[in-house]
Amino acid sequence: MSALGAFRAAIFDLDGTLLDSMYVWRRVDELFFAEHGLELTPDYARAIAGMSYRESALYTIKRYGLRQTWEELVEIWTRMAEREYRENVRLKPGAEDYLRALRARGVRLAVATAMPPGLFGPCLERRGIADLFEAALSVEDAGGRGKLSGKIFRMAAERLGVQPGECVVFEDVYEGVAGARRAGMRAVLVYDEASAHRHGEAADLAERVIRDFTELLREE
């Protein structure tokens, strides 16, 4: 595929896009389901892909008849994941260099993620890239709606002071790519094994598909 060309702003997902972190959620699911005596089936991760934490918790409660509130479930999941994010999660290959290259040519950067700030904030700080972003939004800032609605991407553009058509969104899941397009933005699909089952559909909507950010660095 051809180079991306000019754009004023870039909006990045975190899990599976900038961060090599999907293993954390596989482990959280395994531990949580084991503790509750539930069967973790392959379709569960696919069902909640692109949902907000609230939507994922409500889905889990309804599907498995759990007694917790969605707030309690999110707190449990966050507590299980926070140490791994703070200490061990790494960036995808070429991610930091690409972010710095974009900033060097005046592109404005934002985060749009399903993760709560309590997880992604310390992770980005530890990786030394938090100050590269002018805005960082969680889907909870968009009323708890998942990526598919496109609302979080429109909010990110507003925070950056740019028009949707001036933005490129980097996502690893179909729902994120589809939400970006719904918001009137260009989209780049970043390959991640955890979401590979819907990459064909996402690729049909994306302007470009990359394996990692080193591909884009060669074009800077």
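The model is a predicted one. Its largest nonpolar core has 49 residues, and a second, separate core has 26 residues. Helices α4 and α6 are roughly parallel to each other.

**Nonpolar cores**

- Within the largest nonpolar core, the residues with the most contacts are F12, Y85, F170 and F213.
- Helix α4 contributes the most to this core, giving 6 residues.
- The second core, which is separate, includes I11, A135, M155 and V177.
- In soluble globular proteins, nonpolar side chains tend to be buried together.
- Beyond its neighbours within four places in sequence, F213 is in contact with F12, T17, L18, K92, P93, G94, A95, Y98, F170 and V190.

**Packing of α4 and α6**

- Helix α4 covers residues 70-87 and helix α6 covers residues 117-127; their axes lie 8 Å apart, at an angle of about 10 degrees.
- Angles under 35 degrees count as roughly parallel, and α4 and α6 are therefore described that way.
- On the α4 side the residues that meet α6 are T78, A81, E82, Y85, R86 and E87, and on the α6 side they are L119, P122, C123 and R126.
- Sorted by class, this contact has 5 nonpolar, 1 polar and 4 charged residues.

**Strand β2 and L19**

- L19 belongs to strand β2, which spans residues 19-20.
- L19 counts as buried because its relative accessible area is 0%, and the cut-off for buried is under 20%.
- Setting aside residues up to four places away in sequence, L19 touches L14, Y85, V89, R90, L91, K92 and C123.
- L19 and E201 are 182 residues apart along the chain, and their C-alpha atoms are separated by 22 Å.

**Helix α7 and L160**

- Helix α7 runs over residues 151-160, and its buried residues are I152, F153, M155, A156, A157 and L160.
- The elements covering these buried residues include the strands β1 (9-12), β4 (108-113), β5 and β6 (167-171), together with helix α8 (174-182).
- L160 has a relative accessible area of 1% and is therefore buried.
- Not counting residues up to four places away in sequence, L160 touches A9, R108, L109, A110, E134 and A135.
- L160 and R8 are 152 residues apart in sequence, while the distance between them is 9.6 Å, C-alpha to C-alpha.
- Just after α7 comes G161, with a positive phi of about 75 degrees.

**Strand β5 and S138**

- S138 sits in strand β5, made up of residues 135-138.
- With a relative accessibility of 2%, S138 counts as buried.
- A polar atom of the S138 side chain lies 3.1 Å from the backbone oxygen of M115.
- M115 is also among the residues in contact with S138 beyond four places in sequence; the others are T113, A114, P116, P117, F120 and I152.
- I152 is one of the buried residues of α7.

**Helix α8 and E175**

- E175 is located in helix α8.
- E175 counts as buried, at 10% relative accessibility.
- Apart from neighbours within four places in sequence, E175 is in contact with A49, G50, K147, L148 and R198.

Methods:
Residues numbered from 1 in each chain as written. Predicted model: local features only at pLDDT ≥ 70, side-chain atom pairs only at ≥ 80, totals over all residues. Heavy atoms only, no water. Helix = DSSP H or I, 4+ residues; strand = E, 2+ residues; numbered from the N terminus. Buried < 20%, exposed > 50% of the residue type's maximum accessible area, 1.4 Å probe, protein only. Polar contact = N/O pair within 3.5 Å; in protein donor to acceptor, adjacent residues only side chain to side chain. Contact = heavy atoms within 4.5 Å. Axes fitted to C-alpha atoms, helices over the stretch in contact; angles between N-to-C directions. Parallel < 35°, antiparallel > 145°, perpendicular 65-115°, else oblique. Nonpolar A, V, L, I, M, F, W, Y, C, P; charged D, E, K, R; others polar. Core = buried A, V, L, I, M, F, W, Y, C linked by side-chain atoms within 4.5 Å.
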